[in-house]
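Biologist: Could you take me through the salt bridges here? I would like to begin with one side chain and its surroundings.

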Amino acid sequence: MVVPVVVDEKDVCFFDHPLDHVPGMVLVAGVLDFIGARAPERADADGARLRLSMSFDRMCELGSPVWLSGGPIAADDGPAWELVALQDGEAVSRASIRLGGTLPPLRAGREAAVPADPALVHRHRPENVLLGGAARVERAAVLVPPPGHRLAGTGEHTVGALVESARQMATMLGHTAHGRDLDAQMLWLSLEADLPTGLPVEVPLELWWEFAPARGARAVYRFAVVDAESGEGYGRLEIGVHTLSRAGYLKRRSAK
């Protein structure tokens, strides 16, 4: 089974500003459109779950068609597919999708709190450290796309809008928490999502992120999708990125 991925450079949702490549969200949207067309009764069902795992193998270029190839696979808890996005015969992204299953506990409690750095609490002996390391949690509201927006639903939080919210928060945290320059380029390496379908937009959602340092140019941003009022967990998102300076990005592009 092979279907085209729609790459419309006039789409102001994905091409909000001039780009020299196909953004990762276009590939995510292509995968979600594929699933929605084949299992609409499950993809939008209230109380169901969609689990998505994607890798981004290389940059997807403008001007050349992109195709999704693959099909259904066996799974115990609902429909499942494995897909690969191809451009000029090479894989640019791979995806595994499952509809069904239940969300594990969002926070089962810390298995074992990590003690604070003795130097920071002015202790020398580890047994005298009676405080766990402080956890810094960033929270941001999930905003609902306006009617007619490419990622808007019909009264529900769409998976695409939640993924885009997480992508934007990862970008923001790259600047605010990890000190990346504002003109730095964030390239996707991976996406993991376990999200509800059919969740009404009346449920106010937030993304929660517990601070974790970047490791060189790479970082993995793990978000909890949480009810802003009750604190109930609804899902998880994880985005792996490789961040390049503007100069580094231009050098990489000129070498392609």
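Modeller: Arginine 150 is partly exposed, at a relative accessible area of 35%; buried means under 20%, exposed over 50% and partly exposed in between, with a 1.4 Å probe and protein chains only. The model is predicted, so local features need pLDDT of at least 70 and side-chain atom pairs 80 or more, while totals for chains, interfaces and linings use all residues. Residues are numbered from 1 along each chain as its sequence is written, and side-chain values use heavy atoms, without hydrogens and water.

Biologist: Which side chain does arginine 150 meet in a salt bridge?

Modeller: Its partner is aspartate 33, at 2.7 Å, N to O. A salt bridge here is a side-chain nitrogen of Lys or Arg within 4 Å of a carboxyl oxygen of Asp or Glu.

Biologist: How many residues apart are they in sequence?

Modeller: They are 117 residues apart: arginine 150 lies in the loop between strand 6 (137-141) and helix 3 (159-176), and aspartate 33 in helix 1 (residues 24-38). Helices (H or I, at least four residues) and strands (E, at least two) are DSSP runs, numbered from the N terminus.

Biologist: Is aspartate 33 buried or partly exposed?

Modeller: Aspartate 33 is partly exposed, at 40% relative accessibility.

Biologist: Turning to aspartate 194 and arginine 49, are they buried or exposed?

Modeller: Both are buried. Their side chains form a salt bridge at 2.8 Å, N to O.

Biologist: What is the count of salt bridges?

Modeller: The count is 11. Asp20, Glu61 and Arg253 are linked in a network of them.
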